[in-house]
Amino acid sequence: MMDTNKDGYVSPAEHATGAKKMFGQMDADHDGKVTAAEMDVAHKKMQGEMKGHQESAPENTGREMSSADKIKVVDANNDGTLTAQEHKDASESMFKKMDADKDGNLTLAEVQAGHEQMMGSSRR
């Protein structure tokens, strides 16, 4: 869904745009911060929308982190919420980690592997 030009790759710009859009969707009260409750609501909505895109969506392995746990991982100031800057920084870091071949773009396989690795490491 982030591959807006449909070239089979997600560029850093496409990833950043997608991450910014996602933050906006999660920040229901538009206060510049996302709480775990806001993230839960947004994820449920996105899961419903992704049903039509199952072939291109990373598989849900049933080992999902809670929204509170996801926030804790990137909550730089430990206030229990996710700011736009914290989300941007985490998205940029995740992009770099998922870019396994270091070509500056993500393939669907790299995105799927990155999500699987993140979920696996979160349960150790």
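**Getting to know the fold**

Colleague: I began with K6, which sits in the segment before α1. Is K6 buried or exposed?

Modeller: This is a predicted model, and in it K6 has a relative accessibility of 63%, so K6 counts as exposed, the cut-off being over 50%.

Colleague: What is the phi of K6 near?

Modeller: The phi of K6 is near 55°, which is a positive value in a residue other than glycine. Most residues other than glycine have a negative phi.

Colleague: Let me step back to the overall layout. How many helices and strands does the protein chain have?

Modeller: The protein chain has 5 helices and 2 strands, and read from the N terminus the elements follow the order α-β-α-α-β-α-α. Of the 124 residues in the protein chain, 28% count as buried.

Colleague: Okay, now the inside. Which residues make up the largest nonpolar core?

Modeller: That core has 8 residues, namely F23, M26, V34, M39, A42, M46, I71 and L82. The elements that give two or more residues to this core are α1, residues 12-26, and α2, residues 36-50, and α2 supplies the largest share, with 3 residues.

Colleague: What does M26 touch, if we skip its neighbours within four places in sequence?

Modeller: With those neighbours set aside, M26 is in contact with V34, E38, M39, A42, H43, M46, L82 and H87.

Colleague: At what angle do α1 and α4 cross?

Modeller: Their axes cross at roughly 140° and come within 10 Å, with α4 being the helix of residues 84-98. The crossing of α1 and α4 is right-handed. On the α1 side the contact is made by P12, H15, A19, M22, F23 and M26, and on the α4 side by A84, H87, S91, F95 and M98. Sorted by class, this contact has 8 nonpolar, 3 polar and no charged residues.

Colleague: I would like to return to the segment before α1. Is V10 buried or exposed?

Modeller: V10, which is found in that segment, counts as buried because its relative accessibility is 11%, and the cut-off for buried is under 20%. Leaving out neighbours within four places in sequence, V10 is in contact with M2, D3, H15, F95, N105 and L106.

Colleague: How far is V10 from E110 in space?

Modeller: V10 and E110 are 10.0 Å apart, C-alpha to C-alpha, while in sequence they are 100 residues apart.

Colleague: Where is E110 placed, and is E110 buried or exposed?

Modeller: E110 is in helix α5, and at 9% relative accessibility E110 counts as buried. Apart from neighbours within four places in sequence, E110 is in contact with M98, D99, A100, D101 and N105. There is also Y9, which is 101 residues away from E110 in sequence and 9.8 Å away in space, C-alpha to C-alpha.

Colleague: One last residue, then. What does G8 contact beyond its neighbours within four places in sequence?

Modeller: G8, which lies in the segment before α1, is in contact with D3, L106 and T107 once those neighbours are set aside. G8 and L108 are 100 residues apart in sequence and 7.6 Å apart in space, C-alpha to C-alpha. With a relative accessible area of 44%, G8 is partly exposed.

Conventions
Residues are numbered from 1 along each chain as its sequence is written. This is a predicted model: local features need pLDDT of at least 70, side-chain atom pairs count only at pLDDT 80 or more; totals for chains, interfaces and linings use all residues. Side-chain values use heavy atoms; hydrogens and water are left out. A nonpolar core is a set of buried Ala, Val, Leu, Ile, Met, Phe, Trp, Tyr and Cys residues joined through side-chain atoms within 4.5 Å. Buried means under 20% relative accessible area, exposed over 50%, partly exposed in between (1.4 Å probe, protein chains only). Helices (H or I, at least four residues) and strands (E, at least two) are DSSP runs, numbered from the N terminus. Contact means heavy atoms within 4.5 Å. Axes are lines fitted to C-alpha atoms, for helices over the stretch in contact, and angles run from 0 to 180 degrees between N-to-C directions. A crossing is left-handed if the near helix is turned anticlockwise from the far one by less than a right angle, and right-handed if clockwise. Ala, Val, Leu, Ile, Met, Phe, Trp, Tyr, Cys and Pro count as nonpolar, Asp, Glu, Lys and Arg as charged, and the others, Gly among them, as polar.
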